[in-house]
Structure formats: C-alpha cells, structure tokens
Amino acid sequence: MPGQTTATGTMHVFPHREALITGLADWLLERSLAKADTAPFRLALSGGSTPQHLYTLMASAPYVARFPWHNMQFFIGDDRFVPHDHADSNFGMMQRLLFSKAPIPADNIFPMPDHGLAEDAAGAYEQTLKNLYGATDFSPERPFFDVQLLGIGTDGHTASLFPGQPVLDNRSAWVASCVPPVAPHTRLTLTYPAIHSSQHVVFLVEGAAKRDILARIRAQDPACPASAVTAQGELIWFTDQAAAPSGQE
C-alpha cells in the first residue's frame, strides 16, 4: 500500500465544470468496476453544491446503467443534525439526486442518524462503521473507505472540520458532533482518523472563489483544517481551471 499522503496530493485540472464532473465520474466508475466482483466498494459522500452535479450525473444515462450499484456501499462524510427531509440535510440531497434515482439496494446506504442527542447519534454512526469494519481500531493495512469525497470551504474547512473547533483535536473517535460558529445547525462529521482510513481521498473543488484557499491548503497552512487531512493510500485533487493555484492550471 502506498505510504501516508498529505493534502498536497496529486492534482487533476479540467477546463470547466462539465469536464471536471465527467472526469471524476469516469474515475469513480473505473475504480468501482475494478472491485465489482470482490469486497464492497465503500464511498463516503460529501455535501456542497459541486458534488450535486456529480450525483446527478451518476444517476443519469449512461452512468446509471454502468455503476455496479449492488456492490457499492454509501456513507455520509458529514451532515447537519436535522431530519433527513430537511432542506439542509446532506443525506436528503443525496437521496433526491442519487439514492432514489439509481438501483442501489437500501441496505447499501448508511445515513447518519437524524434524531436524539447529537453525541449519541455520532456514537451510533461510529458503531455502525465499526460493525462493518469488524474491529474497533483502524488497521494501517486495511482502509475502511475505498473513496472519501471531500470539498473545501473558503475558510479552509472540510467535511465539518471547521477552524478552531475541538473536533480538530479528536484523534480517538471515528465520528463526532460539532457546532461550527458560522453555521446554524449542530453537525455530525467523520474525524481525521476516519477520513485517513481511505484508499483514495478525493477533494472536489470548483471556481475562482476557492483558488486562494486551495493554494493555502496545498502549502500546508496550519490555519486550514483541510491541510491536516491525510490518506492511508492516495490523496487526489479534482479541480477546474478557475480553482487551480497559479502554475498548476
């Protein structure tokens, strides 16, 4: 297995959004098909506006007929702690755009809990992951996720790992609750260790508004939580030309 990689990673730059989304869909299709007859292909999905275009494409022809949906398991990288039918729910968005459109077995979809206490919900999701993984600790030889899809905010956050939050120091839990100061909802998020347990960590970034923060993250600015993301296998950036830092277009 490749050694640990940091948020510098390999960069793939596309001329515009359509090419970017198609390029990532093709990349995911190739890797999911390569594992179609072996263990489940585990994919942790991201919220945000750019991934919505990816999910819509995956659920449309010709992709919807080509992905090995029966062998794919879907997880949520982070979500707002609101009912799944709430307008701000990442899972609700994924349900509308992808899960309800593609022939994915219901048992292959693992939403984060949306009721009770946030701390209990985080613990319940963590237990779900541990049951599937078959261990209470991650092994350096066996990543949980095949692909962890992430985005970045203009403040350098990724998933729900926001600057200055206690969750950034949590290296024991797999899932945690947090209350970002700039957000209206409590959130549940995978932690750094859970993100790290991935064969491929993929950042999807679009638009000129992300250009400066992307450059800071790739320069390992410690003020940006995304700078601390590592992968057990490979870390890759999929960006459009507008977001790519100078010299990497």
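Mentor: Gln 165 counts as buried, because its relative accessibility is 13% (buried means under 20% relative accessible area, exposed over 50%, partly exposed in between, with a 1.4 Å probe and protein chains only). This is a predicted model, where local features need pLDDT of at least 70 and side-chain atom pairs pLDDT 80 or more, while totals for chains, interfaces and linings use all residues. Residues are numbered from 1 along each chain as its sequence is written, and side-chain values use heavy atoms, without hydrogens or water.

Gln 165 sits in the loop between strand 6 (145-150) and strand 7 (175-178). Helices (H or I, at least four residues) and strands (E, at least two) are DSSP runs, numbered from the N terminus. Leaving out residues up to four places away in sequence, Gln 165 touches Val 179, Pro 180 and Pro 181. Contact means heavy atoms within 4.5 Å.

Now compare another loop residue. Thr 230 lies between helix 6 (211-218) and strand 10 (234-240). Thr 230 is also buried, because its relative accessibility is 16%. Thr 230 and Ser 197 are 33 residues apart in sequence, and their C-alpha atoms are 8.7 Å apart.

Next, the core. The largest nonpolar core holds 79 residues. Such a core is a set of buried Ala, Val, Leu, Ile, Met, Phe, Trp, Tyr and Cys residues joined through side-chain atoms within 4.5 Å. Leu 98, Leu 190, Phe 203 and Trp 237 have the most contacts inside it. Helix 1 gives the most to this core, with 7 residues. Beyond four places in sequence, the contacts of Phe 203 include Leu 150, Ala 226 and Trp 237.

Now the helices. The axes of helix 1 (residues 17-34) and helix 2 (residues 49-58) come within 10 Å and cross at roughly 55°. That makes helix 1 oblique to helix 2. Axes are lines fitted to C-alpha atoms, for helices over the stretch in contact, and angles run from 0 to 180 degrees between N-to-C directions. Angles under 35 degrees count as roughly parallel, over 145 as roughly antiparallel, 65 to 115 as roughly perpendicular and the rest as oblique.

Helix 2 also packs with helix 3 (residues 90-99), at an angle of about 35° and with the axes 8 Å apart. Gln 52, Tyr 55, Thr 56 and Met 58 of helix 2 meet Met 93, Met 94, Leu 97 and Leu 98 of helix 3.
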